[in-house]
Amino acid sequence: MIQLKEVKHYKELKTFVKLPYKIHKNHKEWLPPLITDEFKVFDKRKNHLFKKCDTIMYLAYKDGKAVGRIMGIINHVYNQGHNEKNVRFCYLECFDDDAVFDKLIKAIENWGKENHMENIVGPLGFSDKDPQGFLLEGYEDPMTVMVTNCSFKYMISHTERNDYKKKLDLYQYRVQLENETPEIYIKIAERAKSRGFKIVEFSKSKEIKPYVKTVFDLINQTYTDIYGFAPLDDIEAKEFSNRFLPLLNPSYIKLVKDKNDTVVAFLVAMPNITAGFRKANGRLLPFGFLHLIKALKTATQLDMLLGCVKQEYRNAGLDALMTVSLFESARNGGLTVMDSHVTMEENVKMRATYERMNYTIYKKYRIFEKAL
């Protein structure tokens, strides 16, 4: 018999956080997240987003053992801004068991109905910055840090069996970096410079900090068309930057200013540290942080994380200006491959940027929906 238990106390939260390590124990490509980082996501005292959203977390037990988990989220800010009544399911993990999967997903459907929601979508977390979608293609390829779910094939079949349909797909590109930047990018970048735009580069983390608020303000202005995105307030921006800024190499952060010294575009990337995360196996101490540092130094892949261009300058060549600078930094750092992060299927402009290069679409993810 399967029993559901709502996560209300620390002991249950600890089980919720650590359960994926058991489910994915023999999953070759699964990438173990840092346990300390997971508590920052799921602990209501540490994650400001719990104050803005209604949430519920369940654990499924079978024969007295935890065998599955799920989280439900109602993001009121997003729903109100997009005139939707959607509940989200996310962080769904379980063994290949029809009954366990069904029990978990039905619990969030019922919770959504009780809260007068009309549709359920997922996997989708608090925002587009959280893992989203089940893996649809590319199961044999390595995962990258801070991208999305490394899920089993059976998660797709269980979801579809419960009458969920495609909401949207996300693509992940792998681009081979050439020894020389394509001439077309150089020409576009020079044209942008001639119009008064200038690239800002960094060598130390302390140089970045004065721009953090400006960058998040720009995100809030430009990410409005990205599915799942809700504006970040100052507290959320601070939490997000505190989580990830220590991992970033300043050489792979680029800003663009206009002739009035206003920041109008930015790009953030980092060397791939997947190998370090695997060896750390969820723990920074006692030696996990050393594995991460080593991975940063020995990486050959560059992972895209964030980027945007102010709306009125999207055809001014600023993406090329940043790309030329980024490719030069990547070559200087011995990086030969670039990962795109996830890109929405409908994001034609961004996809076209990658598809001008030597690319492969090596992973696809799917977000599902269902009327309640």
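Where does H341 lie? H341 sits in strand 12, which covers residues 337–344. Keep in mind as you explore that this is a predicted model.

Let's stay with H341 for a moment, and look at its backbone. Most residues other than glycine have a negative phi. H341 is not a glycine, yet its phi is positive, near 70°.

You will find D261 in the loop between strand 9 and strand 10, the latter being residues 263–271.

Most peptide bonds are trans. The bond from G122 to P123, however, is cis, with omega near -5°. P123 belongs to the loop that runs between strand 5 (119–122) and strand 6 (134–137).

The crossing is right-handed. Which residues of helix 1 and helix 2 meet? From helix 1 come Y10, L13, K14, F16, V17, K18 and Y21, and from helix 2 come I35, E38, F39 and F42. Sorted by class, this contact has eight nonpolar residues, three charged ones and no polar ones.

Next, find helix 4 (residues 98–114) and helix 5 (residues 154–161). Their packing angle is about 60°, with the axes 10 Å apart. Helix 4 and helix 5 are therefore oblique to each other. Their crossing is right-handed. On the helix 4 side, the residues in the contact are D98, F101 and D102, and they meet M155, H158, T159 and R161 of helix 5. By class, the contact of helix 4 with helix 5 has two nonpolar, two polar and three charged residues.

Is N75 buried or exposed? At 4% relative accessibility, N75 counts as buried. What does its side chain reach? The backbone nitrogen of V77 is 3.3 Å from the side chain of N75. A polar atom of that side chain also lies 3.0 Å from the backbone nitrogen of Y78. Beyond its neighbours within four places in sequence, N75 is in contact with C53, R88, F126 and A230.

Our last stop is P246, in the loop between helix 8 (234–244) and strand 9 (253–257). P246 has a relative accessibility of 66%, so it counts as exposed. How many residues apart in sequence are P246 and S205? They are 41 residues apart along the chain, and their C-alpha atoms are 8.1 Å apart in space.

Definitions and conventions
Residues numbered from 1 in each chain as written. Predicted model: local features only at pLDDT ≥ 70, side-chain atom pairs only at ≥ 80, totals over all residues. Heavy atoms only, no water. Axes fitted to C-alpha atoms, helices over the stretch in contact; angles between N-to-C directions. Helix = DSSP H or I, 4+ residues; strand = E, 2+ residues; numbered from the N terminus. Parallel < 35°, antiparallel > 145°, perpendicular 65-115°, else oblique. Left-handed = near helix turned anticlockwise from the far one by under 90°. Contact = heavy atoms within 4.5 Å. Nonpolar A, V, L, I, M, F, W, Y, C, P; charged D, E, K, R; others polar. Buried < 20%, exposed > 50% of the residue type's maximum accessible area, 1.4 Å probe, protein only. Polar contact = N/O pair within 3.5 Å; in protein donor to acceptor, adjacent residues only side chain to side chain.
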